[in-house]
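Student: I would like to learn how to read a protein model. Could you take me through it feature by feature?

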Amino acid sequence: MNTREMFAKAVDGGYAIPAFNFNNMEQLQAIIKACAETKSPVILQVSSGARKYANQTLLRYMAEGAVEYAKELGWEHPQICLHLDHGDTFELCKSCVDFGFSSVMIDGSSLPYEENIALTKKVVEYAHQFDVTVEAELGVLAGVEDDVVAEESHYTKPEEVIDFATRSGCDSLAISIGTSHGAYKFKPEQCTRDPQTGKLVPPPLAFDVLEEIEKKLPGFPIVLHGSSSVPQEYVDIINSHGGNLPDAVGIPEEQLRKAAKSAVCKINIDSDSRLAFTAAVRKVFVEKPGEFDPRKYCGPARDEMVRLYKHKIIEVLGSDGKAE
Ligand SMILES: [Zn+2]
């Protein structure tokens, strides 16, 4: 399904739909299991990195298989959207629309304003013929996500959002209010340190900007990218089992919970799943050095990701029970 009805209900209901990236079978199984067990609608995201790693055709049929898998798990009416994450050209978005994706993102945020509108409008005009919804982006997020690299962030300007949404015709808008891609969302000098634990405390999200945007576009679906929280427990497991992730820091979950209750109706989480996977695998490698069957370390990694996704759905997004 596309995102239209999902978002309308999420905006009304004061929760957010999880948008989880997937690159492999274990991740997809974990996402579907967590969503089936919690009856949460879900957006499966395919990034350009995922397409390069796993092949677009394979990912598309895996998503189709995921719908059947969800039903097998006893989820009677699964609400699953297959979404292109960070499409950067009209041609790429068109190929995903033609290929059966139910939603695409066109990210023209690095372009000058008018060019961003023109590109987004072109994608919208094509996609809407096939009832495929389109996410656009205004404002720039810092950080690294696959091919998306930006040195510094620029908050979305609230005075531009009405013009942008109206003229581009986009169905949802990704904004920049201080989230960023990757597991190192902030440099240590941007943070303060908790005097007790010595851990980094990131600067708060710009809720004033979000509120301004909500006032300009009441009820319009807003999207947050780069919204992993970088759970310290995973960072600690990784670091104590041969890893090296110094000062990794994410967005505190309380802030995402607050955002989910507003017009923010899609929250993208990718890095946290990577951390859960890596922590579980590292643990097996250290504790059972004789193990060489990939199922014996990918299996525990999958279980850990199920726990993570369910936690996000229930404790952060509030989307549990919204897709019975
Ligand atoms: Zn993103």
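This is a predicted model: local features need pLDDT of at least 70, side-chain atom pairs count only at pLDDT 80 or more; totals for chains, interfaces and linings use all residues.

Student: How many strands form the closed barrel?

Tutor: Start with the terms. Strands (E, at least two residues) and helices (H or I, at least four) are DSSP runs numbered from the N terminus, and two strands pair if DSSP finds at least two bridges between them. Here the closed barrel has 8 strands, in the order β1-β2-β3-β4-β5-β8-β11-β12, with parallel pairing. On average, neighbouring strands of this sheet are turned by 25° against each other, direction ignored. For such angles, axes are lines fitted to C-alpha atoms, for helices over the stretch in contact, and angles run from 0 to 180 degrees between N-to-C directions.

Student: Is strand β1 buried or exposed?

Tutor: Buried means under 20% relative accessible area, exposed over 50%, and partly exposed in between, using a 1.4 Å probe and protein chains only. In β1 (residues 17–21), 5 of the 5 residues are buried, so the strand is largely enclosed by the rest of the structure. Ile17, Ala19 and Asn21 point one way from β1, while Pro18 and Phe20 point the other way.

Student: What is a nonpolar core, and which residues have the most contacts inside the largest one?

Tutor: In soluble globular proteins, nonpolar side chains tend to be buried together. A nonpolar core is a set of buried Ala, Val, Leu, Ile, Met, Phe, Trp, Tyr and Cys residues joined through side-chain atoms within 4.5 Å. The largest core here has 95 residues, and Phe22, Val104, Leu173 and Ile222 have the most contacts inside it. Helix α12 (residues 294–317) supplies the largest share of this core, 10 residues. A second, separate core of 10 residues includes Met6, Tyr15, Ile17 and Ala19. Leaving aside neighbours within four places in sequence, Val104 has contacts that include His83, Leu84, Cys93 and Val123.

Student: Which residues coordinate the zinc ion?

Tutor: Donors are N, O and S atoms within 2.8 Å of the metal (3.2 Å for Na, K and Ca); water is not among the atoms, so sites may look incomplete. The zinc ion is coordinated by His86 (NE2), His181 (NE2) and His225 (ND1), at 2.0 to 2.2 Å. Along the chain, these donors follow the spacing H-x94-H-x43-H. His181 lies in the loop between β8 (172–175) and β9 (192–193), and His225, 44 residues apart from it, in the loop between β11 (222–224) and α9 (232–240). His181 is buried at 3% relative accessibility, and His225 is buried at 0%.

Student: Which residues have a positive phi although they are not glycines?

Tutor: Most residues other than glycine have a negative phi. Asp131 has a positive phi of about 60°, and Val230 has one of about 50°. Asp131 is in the loop between α6 (113–128) and β5 (133–138) and is partly exposed at 45%. Val230, in the loop between β11 and α9, is buried at 4%.

Student: What polar contact does the side chain of Asp270 make?

Tutor: A polar contact is a pair of N or O atoms within 3.5 Å; within protein, one must be able to donate a hydrogen and the other to accept it, and residues adjacent in sequence count only if both atoms are side-chain atoms. The side chain of Asp270 makes one with the side chain of Arg274, at 3.0 Å. Asp270 is buried at 9% relative accessibility.

Notes. Residues are numbered from 1 along each chain as its sequence is written. Side-chain values use heavy atoms; hydrogens and water are left out. Contact means heavy atoms within 4.5 Å.
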